[in-house]
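Hello,

Here is the structure I promised to pass on to you. Please have it open while you read, and my notes on what turned up in it follow below.

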Amino acid sequence: MEQKTMIEPHWKQRLYHEPLHGCFVTFSSPALCEFTARMGFDFILIDNEHGAMNQETLEDMVRASQGVEVPAIVRVPINRHEYIRRALDFGANGVQVPLVNTARQAREAVSASHFPPRGERGVAFLTRAANYGMCPDKARYIEDADASKLVSVHIETPEAVANLDAILDVEGIDVLFIGPGDLAVSMGYANSPNHPDVMETMENCIRRISQAGKIAGTYVGDADRAAMAMDWGATYLVTAITPYMVQAGTQYLINARKR
């Protein structure tokens with residue numbers, strides 16, 4: 001029995017040619033994940049770094065997004081093999097790894113994401129990713145799994161910025177994601193996230209990533225910020241539904257209470 005999926009196996013290749021728009025889902029809710037995916041985003045980024053998902057719910061959130069034909073990426077809590085392997089065994093279309101500051105740490109993320117001989121991901125053929133064992137061509141499954149998943153690493157500290165060229169040389173990294181919030185805080189601008197030094201660093205990194213032939217990504221809070229990031233060369237653009245919920249709910253209360 002051939003494995004069936006509604007996600008284009010090589011969807012990530014589009015990122016080399018066109019911007020794709022994703023959305024963080026931080027709440028532990030498969031329904032909210034499906035709801036957000038149905039809005040028309042190109043991919044969903046499930047936030048298991050700052051979210052509070054247990055393993056069963058995380059798998060259901062991946063399933064909920066893919067059920068409406070939207071790829072699901074999991075941001076893992078930390079750069080450790082057990083988190084990366086588990087997300088991929090759930091059938092996630094990729095992983096996003098926070099706080100990658102060195103080339104060695106980038107290689108560790110790649111190793112955890114790939115099967116031998118390229119990496120050290122544990123092989124199991126009864127997982128959801130392997131169609132619960134209903135995958136007759138095991139060699140093809142391993143080959144397709146390694147080729148189709150997306151591996152994204154965060155560049156969000158001065159140390160990571162200083163090591164950017166070395167990280168860019170690591171094979172197997174698809175996306176280098178500039179985390180503007182952590183970057184601003186680590187640069188000493190917690191109260192001024194749009195400080196010119198922060199913006200200049202972000203632009204420089206995104207342009208260098210794009211020029212190196214890798215996919216540049218970042219978080220964007222609104223359409224203007226997305227347009228600016230795209231002008232710099234970013235194509236992996238992630239927003240979050242939470243701020244829009246806050247804005248709409250707050251504005252409703254302001255308007256309703258005026259009456």
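Let me begin with a question: leaving out residues up to four places away in sequence, which residues does Ser111 touch? They are His81, Gly119, Glu120 and Arg121. Before going further, please keep in mind that this is a predicted model.

Ser111 sits in helix H4, which runs over residues 103-113. With a relative accessible area of 14%, Ser111 is buried, because the limit for that word is under 20%. Besides Ser111, the buried set holds Ala103, Gln105, Ala106, Ala109, Val110, Ala112 and Ser113. What do these buried residues of H4 pack against? Their partners are H3, strand S4 (94-97), helix H5 (138-148), strand S5 (150-155) and helix H7 (164-168).

The loops on either side of H4 hold some backbone features to look at. As background, most residues other than glycine have a negative phi, and most peptide bonds are trans. Leu99, in the loop between S4 and H4, has a positive phi, near 50 degrees. Its relative accessible area is 42%, so Leu99 is partly exposed. In the loop between H4 and H5 you will find Pro117. A cis peptide bond joins Pro116 to Pro117, with omega at about 5 degrees.

Setting aside neighbours within four places in sequence, Ser65 makes contact with Cys33, Ala37, Ile44, Val70, Pro71 and Ala72.

Glu69 belongs to the loop between H2 and strand S3 (72-75). Glu69 is another residue other than glycine with a positive phi, here near 65 degrees. At 52% relative accessibility, Glu69 counts as exposed, because the word applies over 50%.

**How H9 meets H10**

Two packed helices are described by the angle between their axes and the distance between the axes. For helix H9 (residues 196-211) and helix H10 (residues 223-232), the axes come within 8 Å and cross at roughly 45 degrees. That angle makes H9 oblique to H10. On the H9 side the contact involves Met199, Met202, Glu203, Ile206 and Arg207, and these meet Arg225, Met228, Ala229, Asp231 and Trp232 in H10. By type, the residues of this contact divide into six nonpolar, no polar and four charged.

Ile206 is buried, since its relative accessibility is 0%. Not counting residues up to four places away in sequence, Ile206 touches Ile178, Ala216, Thr218, Ala229, Trp232, Gly233 and Ala234. The C-alpha atoms of Ile206 and Asp231 are 9.8 Å apart, although 25 residues separate the two along the chain.

**A cavity and a pocket**

How many cavities of 30 Å³ or more does the structure hold? There is one, and the volume of this largest cavity is about 50 Å³. Its lining is made by Asn48, Gln55, Leu58, Val74, Val76, Pro77, Tyr83, Arg86 and Ala87. Helix H2 (55-66) and helix H3 (81-89) are the elements that give two or more residues to that lining. The largest share, three residues, comes from H3. The lining residues of the cavity divide into six nonpolar, two polar and one charged.

The second largest pocket has a volume of about 230 Å³. Lining this pocket are Phe24, Glu49, His50, Arg75, His154, Glu156, Phe177, Gly179, Pro180, Gly181, Asp182 and Tyr219. Which helix gives the most to the lining of the second largest pocket? Helix H8 (residues 180-186) does, with three residues. The residues lining this pocket divide into four nonpolar, four polar and four charged.

Happy exploring, and do write back with any questions.

Best wishes

Notes. Residues numbered from 1 in each chain as written. Predicted model: local features only at pLDDT ≥ 70, side-chain atom pairs only at ≥ 80, totals over all residues. Heavy atoms only, no water. Helix = DSSP H or I, 4+ residues; strand = E, 2+ residues; numbered from the N terminus. Buried < 20%, exposed > 50% of the residue type's maximum accessible area, 1.4 Å probe, protein only. Contact = heavy atoms within 4.5 Å. Axes fitted to C-alpha atoms, helices over the stretch in contact; angles between N-to-C directions. Parallel < 35°, antiparallel > 145°, perpendicular 65-115°, else oblique. Nonpolar A, V, L, I, M, F, W, Y, C, P; charged D, E, K, R; others polar. 1 Å grid on protein atoms, 1.4 Å probe; cavity = no way out; pocket = protein on both sides within 12 Å on 5 of 7 lines; lining within 4 Å. Points joined across faces, edges and corners; volume = space filled by probe spheres on them.
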